[in-house]
Amino acid sequence: MATRDELYAKFGITAEAAQLFEVELGSLLLCARAIEQGWRFKADSDKARKLLRDIDRSTLGHLLHSLKKCVELDDGLADRFASALQTRNRLFHRFYESHNFKIQTDKGRDAMMADLEAMHVELFNAWQIVSGMTAAVTAFLLELRSRA
């Protein structure tokens with residue numbers, strides 16, 4: 001039987017996974033734009049600073065939309081990221097509302113914990129995928145830079 005404190009802790013851990021996914025998408029977008037703009041040959045700190053500011057101000061949905069414009073994602077990956085976006089939005093905007101008064105009972109808290117666990121797995125896995133993509137692109141950029 002989950003306690004309220006355990007439930008709130010799990011919510012925080014799940015929120016962290018959502019945040020890591022979002023930040024990593026921003027990093028991937030920054031790398032993709034660096035390749036697109038040719039910054040590996042000639043840096044443009046003003047444009048990079050503006051892009052980073054735009055990324056930091058963007059919603060997760062906008063980041064995904066922007067990423068799709070410069071990185072080709074296969075349908076499975078695009079669907080997975082879209083699902084993670086929906087999960088993130090449900091977590092932050094509807095989780096407690098959708099569970100209503102379940103927090104008042106042991107059985108209800110257990111159901112909420114199970115829901116959070118499923119969301120955490122989805123968000124964590126999406127973050128891991130994007131993290132791998134960012135690592136690959138970063139390695140590619142460093143390799144190109146060393147050749148220049």
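With which side chain does the side chain of Thr 134 make a polar contact?

1. The partner is the side chain of Glu 24, at 3.1 Å. A polar contact is a pair of N or O atoms within 3.5 Å; within protein, one must be able to donate a hydrogen and the other to accept it, and residues adjacent in sequence count only if both atoms are side-chain atoms.

2. This is a predicted model, in which local features need pLDDT of at least 70 and side-chain atom pairs count only at pLDDT 80 or more, while totals for chains, interfaces and linings use all residues. Residues are numbered from 1 along each chain as its sequence is written, and side-chain values use heavy atoms, with hydrogens and water left out.

3. Thr 134 belongs to helix H5 (residues 106–147). Helices (H or I, at least four residues) are DSSP runs, numbered from the N terminus. Thr 134 has 7% relative accessibility and counts as buried; buried means under 20% relative accessible area, exposed over 50%, and partly exposed in between (1.4 Å probe, protein chains only).

4. The whole structure contains 7 salt bridges, each being a side-chain nitrogen of Lys or Arg within 4 Å of a carboxyl oxygen of Asp or Glu. One of them joins Lys 50 to Asp 54, with the closest N and O atoms 2.9 Å apart. These two residues are 4 apart in helix H2 (residues 45–57), so about one helical turn separates them.

5. Asp 115 forms a salt bridge with Arg 90, also with a closest N and O distance of 2.9 Å. Asp 115 lies in helix H5 and Arg 90 in helix H4 (residues 75–99), so the pair ties together parts 25 residues apart in sequence. Asp 115 is buried at 17%, whereas Arg 90 is partly exposed at 27%.
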